[in-house]
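This briefing covers a structural model in a few grouped points. The sequence and structure are shown first, and the notes follow.

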Amino acid sequence: MGKGKIFLASVILIIQVENAHALSLTAKVDKTEATLEDQIILTLSIEGTRRAGKPMLPPLPDFDMIPRGSSTRMQIINGTITSGIDYNYLLIPKKTGTFEIGPATIQENGETIASNTITLRIASSGTRPQATQDVFITTTVSSTSPYVNEQIIYTFKLYRGVKIANASLENPSFEGLRVEPLGKEQEYETVMNGRPFVVTEIRQALFPTREGTLEIGPAKLQCEIVMRSRRRGLFDDPFFDDSFFGFSRSEPKVLHSQPITLHVKPLPTEGKTPLFGGLVGNFNITTTLSKRQLSVGDTTTLTFTIKGSGNIRDAASPEFPPSTDFKVYDDKPTLAVQDSGEGFGGTFTIKKALVPLKEGSLKVPSVAFTYFHPELGSYELCKSTPLSIEVLPTSDKEKLNLVEALGTTTSKEEIKILGKDILPINTSLAALRPYRIDPWHWGYLVCFSFPLIGYVGTVLMKKRKERLEEDLGYARSKSALKNFNKKIPLIKKQLKTEGSTEFYRLTSKSLKDFLGDKLNITGSALTPLEVEHQLLTLTILKDKIEETKSILHTLETGQFAFERHSLSEKEKLLKQVKELTRWLDKKIRK
Amino acid sequence: MLVKKTRILSIIALGLFLFLRTDPVPGQSQSAQLKPSHSQTIEALDTTTLFTEANKRYKEDNYSDAAQLYEKLILSGVQNGELYYNLGNSYFKMGMLGKAILSYRLAELYLPRDQDLKTNLVYAREMTKDKLESRPLFSFLNEFCFWYSKLNLTELLIVFLILNGLCWALALIKIFLRNEYYNYLFLIILSITVIVSISLGLKLYHHYYSIEGVVVAKEISVRAGNGINNTPLFQLHDGAEFKIIEHQGAWSKIELGDGKRGWIENRWIGKCQLESWPALTSSGAST
């Protein structure tokens, strides 16, 4: 039962909260009248629900709008519950006039709910004299009509008669100007119209880079003015003015300075010489020598120092006149910048090592340059003081070294190219000697192949010789015909001897020896049948075997059966034997 | 058998004798030197007289006549680097950079170590309009393999033949003499021979197949195809050098050092080949 009551009460409560939905959107500002220095806090409050979306604001081109978060709240008064959400924005006015803010809108269930509109009046900050303001800024320049590259001092001053916090300075864009900071910011006290102010001063050197009208925009300073809380009592000490302790509140401010217009003049052409290197300001040059007395070949350092205020960064080395008395080695110039509060300037130092080439009193040439003096409005010549040095002769040993040094380094000059042309023609009759490029000439081929043939031939000969020495059968086979041919003259002698069997014996023996050599057997005892048997083992024509057999038979008949032949028959027989041996020599190869 | 060997040896000896005999006296047997492509009627003038006359014309600043006479001498068969060099000088003086460079490059085939020639060729190349890149492979070969760039084809061939002979002779001795140090010597000579033979092969390839050309006209368009109606791709000026890749009728396909390719009419180019320049059809200096 109890549970049921609690549930019912909850339902009624929710219904009441939801009934309180009558959603509304209200816009309010902390002030409706302000100056350009003020910041306005805009609050958009949604009443009735915490679940509504973010309200939309119409565009505000005349203000800088910075969101500052949101806060929610819920109230129960006499049983009536209200809830809501506040969205805060910081509005920084950009210009003076009367402006209408809103209406802001919110979408809820397809329904658009609009807020009220607010009218803001923004007045110029200049309407109040500066001395009467608590905080103000000023910007000034030393000259509004400088020459190109002339130094002008831009001074920013922040005057504060009250305590401020979280100050941040936004410099203007220095378009067409080169900026050099001048020292640290300075802080001092001053009295204006009987009221003390703390002044913070920041100085910068500006160099116009082009002629014509240049605009330096307003500087912008954002800060918060610390306001003392009225009710403090116990902690009545300035230490507790800090908002950290909660005894003070801060009011945001945006301060603007007045824009400055510069009329930059060009440098006059009258009096401008080639010695002018672009320096504008006030400069001077000094010259020093590290040693005034030295020996030939020794080194002394010549230092030129260009010093002054102005655009010293544009300084360049003045031309050093060529001298036959010295050998000159350049060092890298150095620049030391001075950025004191008075103005921008510095020292440009050029160092040269001088090696005297002669003895005696030598004059060091001076250098010169011109710069533009803006106060005088004319170009000024700056010339270094001429110096002289005493060069003493060296000892003999050193002299010798010097001569060597002069011979190798100092007296040599780069070859000057006076002109270019081709080298002349060849007139020698050697140009008529024929010289052919023909790599396929048969002579080259012979020369190429001759060593190869020689090598192969020698190798084959060596192999043959080795075989002849090692293989008896081969040696016999190779010499068979030669041995047979040696016996031919002897046989021929016996040809004409009538009735002798010597012809038949010699011929038969020679033939059998030949066959024995060829077949690597003992030849003299061979019978025709044995010859036939041996030859049949080789692949020789049957006819030739028969012929051999027949010849041997004929010769044996002549030797032993006394069958005689006529001379012509014998010659024919011998011829037949010779042909047979030649044929067999070719056919039987071992 | 013995008779046969003797006969072969005598043929080889005769061949060697004919090959190694001294060069003919200048002006004596020029007709024997004539190549079929260069045969033309030569005026019955002594080559020495022609040469002296050409030099005289050159010194009299009559470069056109000098060039004609040098060409005549070359066409008559007197093939020599000095003549090509003089011809190149004559063309250079006439302002014909392409023909000058072509002549210098042919002279270079004979005289690869001639410093005067090198200087003049470099100067002539400096005078040309087109900036062309050289082939990295060939520049490497020229720098590293000094024998490749410092010897002409004949000289390199002779060096190769000597090394070849030495190599075979050492191989022969090696059969009879077995020694470790001797083996090393043989291997060293063999390696040198192989390197030189590869260089010779490359040089032969370069001489016969890798043909280069030079523009011999004031300004020409290189086209996308072998016809006048094809799109012009880029322009080349007098003296521009390139590689010839292909021939088709009256057109040649060329490639520049940076890989650009295109077609060019044969009549505007000169080939870096001994047989093709001076061209028989060109009337030399007068064109």
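Predicted model: local features only at pLDDT ≥ 70, side-chain atom pairs only at ≥ 80, totals over all residues.

**Strand pairing in chain A**

- Strand 26 of chain A covers residues 368-373 and strand 27 of chain A covers residues 378-383.
- The two strands run antiparallel and are joined by six bridges.
- Opposite A:Phe372 stands A:Tyr379, a residue of strand 27 of chain A.

**Make-up of chain B**

- Chain B contains eleven helices and seven strands.
- Of its 287 residues, 31% count as buried.
- Among the contacts in chain B with a separation of 6 or more, 58% are between residues 24 or more positions apart.

**Contact between the chains**

- On the chain B side, 41 residues are in contact with 29 residues of chain A.
- At least two residues of the side of chain B that touches chain A come from each of these elements of chain B: helix 1 (2-20), helix 3 (47-59), helix 5 (81-93), helix 6 (97-110), helix 7 (115-127) and helix 10 (153-176).
- Helix 10 of chain B gives the largest share of that side, eleven residues.
- By residue class, the side of chain B that touches chain A has 23 nonpolar, 15 polar and three charged residues.

Notes. Residues numbered from 1 in each chain as written. Chains lettered and ligands numbered in written order. Contact = placed C-beta atoms within 7 Å. Helix = DSSP H or I, 4+ residues; strand = E, 2+ residues; numbered from the N terminus. Nonpolar A, V, L, I, M, F, W, Y, C, P; charged D, E, K, R; others polar. Pairing = 2+ DSSP bridges. Buried ≥ 20, exposed ≤ 12 C-beta atoms within 10 Å, placed from the backbone.
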